[in-house]
Amino acid sequence: MSIFLFEKELIFTSTFVVFIVLLLVVELYIHVKNVFSIYDRTITSILKNDFTADYSTYSGYKNYVELFQLYERLKSKEKEETSKDIVYRSILNNIESGIIILQKEETDWKIFLMNDYFSKHFQVPKVSKWKYLKNQLPSLCQIIEDHHFQELKTSLEIRVNQQENQTFALQTARNEIYNQDYFIVLLDSIQNVIEKKEKEAWINLMKVISHELLNSITPIRSLSQNLQDVVQQETISTEDLDDMKNSVAAMLRRSDHLQQFVESYRKLAMLPSPKKEKIKLQQLMDNSLQLMAPLFKQEQIEVINTISLNHNLNVDLQQMEQVLINLFTNCRYALKEVAHKQIYISAEAKENRVFIYISDNGNGIEKEIENKIFLPFFTTRKEGAGIGLTLSKNIIESHGGYLAYRNENNKTTFVICLVDL
């Protein structure tokens, strides 16, 4: 058209047409460039996890609707992951245990996460490389390297704040997630663990004691108030006199119960040191069973004793008999509602230890009270004092062993562990 107009000597018109065409070409070039630029920017943002851009203004690009939807979905996912990461880090930073998470990079490890407690307690800056941490805490890093970054549970001593060495419980775990190798290190001050357990034990003990005291003091106070009202009367009838006698008798009973409670506590708190002597395991068991035989016979309880070990134990005979009697008494209580009553006794020796197993075919310990059975004064029996298992546990521990239980298939087995001579 421009050439045709030029031949007609319409030079200005021809030039104008050329100018318009050039403008259209430039406009088309800019449009195409912008279209591809938006596409490239979106793809680059997705690849680099950069979701700061806002593509809502480009709604006119109909061909890129699905691309923008993908971007927004990944952006939402990234926000969710970031929020979770902040929450998890906040939780880890508020835990009063030292936590380090390492991430494998080819042949080296980098510090993926170090919580605030670890950094502050050990006065270690939040370094990024394992070699830098090794310069700060060589004893910790050495024991981990000696075990080739594998799972372990042990204890070690670390000097903190230029003070005396402190003992810490070290526990590690290794996990592989999406071809990424992670190594988790958990450090707990043994002193802190002990103090926490002691605090929990004291709280539970005070709950039991306060409950027991209130159970006696409340009725005593109520009866005392009633007596005060009666004695203030000008005349006391025969009926009032009988009420006074009954009230005094009830107060006396509750006072006796309180006295027994205090005596039980004194007995528990003032456990004498064991007077150890050499005695055979079978003899210890026979002595205890002989003491319980009349009760077992009366209640038709069958005792299945499969102990065949000919081992000597260095124990306090009277205290150990008390432990076995307490456990047998628990078995009797557990078997009250069972038709065919059986108690199973067995033992084995391994790793310089003797393990005695005592179980019954009763209903076992309920899940709700499993963590309370060794608490002082805790009992599910009306006539029980609640110190049998606590006293037994203390006796076994004073002998250098431990008392534990297993609850399997609704059947409870108590395990006595003692040092083998």
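Valine 18 has its place in helix α2, where helices (H or I, at least four residues) are DSSP runs numbered from the N terminus. The model is a predicted one, in which local features need pLDDT of at least 70 and side-chain atom pairs count only at pLDDT 80 or more, while totals for chains, interfaces and linings use all residues. Residues are numbered from 1 along each chain as its sequence is written, and side-chain values use heavy atoms, with hydrogens and water left out.

With a relative accessible area of 38%, valine 18 is partly exposed, a class that lies between buried (under 20%) and exposed (over 50%), with a 1.4 Å probe and protein chains only. The C-alpha atoms of valine 18 and methionine 1 are separated by 9.1 Å, although the two are 17 residues apart along the chain. Isoleucine 20 is also placed in helix α2, which covers residues 11-47, and is partly exposed at 32%.

Most residues other than glycine have a negative phi. Glutamine 123, however, has a positive phi near 50 degrees; this residue is found in the loop between α4 (116-121) and α5 (130-136) and is exposed, with a relative accessible area of 54%. Glutamine 300 likewise has a positive phi, near 55 degrees, and lies in the loop between α9 (281-298) and β7 (301-305), strands (E) being DSSP runs of at least two residues. Glutamine 300 counts as exposed at 67% relative accessibility.

Cysteine 141 is buried, with a relative accessible area of 0%, and cysteine 417 counts as buried at 3%. The count of disulfides (pairs of cysteine sulfur atoms within 2.5 Å) comes to zero.
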